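Subject: Structure for your review

Dear colleague,

Please find below the structure that I am handing over to you. I would ask you to look at it first and then to read the notes that follow.

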Amino acid sequence: MSDPLDTVFAALADPTRRAILAMLLEDDMAVTDVAEPFEMSLAAISKHLAILTRAGLIAQEKRGRVKWCKLEPDAMKAASVWMQGFGQFEPVNLDAFERFLSRELSGEGSEAGQQGPEEGDAETPSPDETGAIDNGREAGAP
């Protein structure tokens with residue numbers, strides 16, 4: 001993987017590596033201390049640490065005889081910026097959408113017998129002229 005973003009996401013894909021990063025949020029740790037809570041060999045932990053180091057998520061340095069791990073939070077900045085780009089989309093209320101579809105398919109939502117929203121359906125989405133779901137909010141409104 002040559003793309004740094006791919007390398008970061010690949011490193012974050014493993015739950016053990018995410019747990020290691022969470023531990024390093026507290027403070028720098030010796031490799032043996034990082035390995036302690038996991039039921040795997042020191043060699044296996046070292047492989048996880050090498051992947052995190054290659055991704056730039058942690059730095060390792062030798063202090064005397066002990067190898068220490070330190071979190072490098074700036075390495076996640078690119079991944080965070082990339083994910084924030086998806087925050088612009090409104091979450092879809094699937095329950096309300098399902099109720100809307102049920103009414104439409106059963107004929108209750110037809111022009112002649114159109115009923116108002118049922119109690120608790122204040123935000124029942126309805127399709128606009130393009131077929132997109134409109135939550136009753138103005139465009140661009142949060």
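This is a predicted model: local features need pLDDT of at least 70, side-chain atom pairs count only at pLDDT 80 or more; totals for chains, interfaces and linings use all residues.

Overall composition

The chain has six helices and five strands. Read from the N terminus, these elements follow the order α-α-β-α-α-β-β-α-α-β-β. The chain contains 142 residues, of which 25% are buried.

Helix α1 spans residues 4-12, and its buried residues are T7, V8, A11 and L12. These residues lie on the same side of α1, because they cover an arc of only 130° around the axis. Which elements cover the buried residues of α1? Among them are α2 (15-26), α4 (42-54) and α5 (77-84).

The contact of α1 with α5

Two packed helices are described by the angle between their axes and the distance between the axes. For α1 and α5, the axes cross at roughly 90° and come within 9 Å. The two helices, α1 and α5, are therefore roughly perpendicular. On the α1 side the residues in contact are L5, V8 and F9, and they meet A78, A79, W82 and M83 of α5. By class, this contact of α1 with α5 consists of seven nonpolar residues, with no polar and no charged ones.

One aromatic pair is counted in the model. A pair of aromatic rings is described by the distance of the centres and the angle of the planes. The pair is formed by F9 and W82, whose ring centres are 5.5 Å apart and whose planes stand at 65°, an edge-to-face arrangement. It links distant parts of the chain, since F9 belongs to helix α1 and W82 to helix α5, 73 residues apart. Are these two residues buried, partly exposed or exposed? F9 is partly exposed, because its relative accessible area is 26% and buried means under 20% while exposed means over 50%. W82 is likewise partly exposed, at 45% relative accessibility.

The contact of α2 with α4

The axes of α2 and α4 are 10 Å apart, and the helices pack at an angle of about 75°. This angle falls between 65 and 115 degrees, and α2 and α4 are therefore roughly perpendicular to each other. The contact brings T16, R17, I20 and L21 of α2 together with I45, H48, L49, I51 and L52 of α4. Its residues divide into six nonpolar, two polar and one charged.

I51 deserves a separate note. It is found in helix α4 and counts as partly exposed, at 26% relative accessibility. Apart from neighbours within four places in sequence, I51 is in contact with A11 and R17. I51 and R17 are 34 residues apart along the chain, and their C-alpha atoms are separated by 8.6 Å.

A loop residue

Where is D74 placed? D74 sits in the loop between β3 (66-71) and α5. It counts as exposed, because its relative accessibility is 59% and the cut-off for exposed is over 50%. From D74 to L57 the C-alpha distance is 7.9 Å, and the two residues are 17 apart in sequence.

A colleague

Conventions: Residues are numbered from 1 along each chain as its sequence is written. Side-chain values use heavy atoms; hydrogens and water are left out. Buried means under 20% relative accessible area, exposed over 50%, partly exposed in between (1.4 Å probe, protein chains only). Helices (H or I, at least four residues) and strands (E, at least two) are DSSP runs, numbered from the N terminus. The arc is that of the directions from the helix axis to the C-beta atoms. Contact means heavy atoms within 4.5 Å. Axes are lines fitted to C-alpha atoms, for helices over the stretch in contact, and angles run from 0 to 180 degrees between N-to-C directions. Angles under 35 degrees count as roughly parallel, over 145 as roughly antiparallel, 65 to 115 as roughly perpendicular and the rest as oblique. Ala, Val, Leu, Ile, Met, Phe, Trp, Tyr, Cys and Pro count as nonpolar, Asp, Glu, Lys and Arg as charged, and the others, Gly among them, as polar. Rings of Phe, Tyr and Trp (its six-membered ring) pair if their centres lie within 6.5 Å; planes under 30 degrees apart count as stacked, over 60 as edge-to-face and the rest as tilted.
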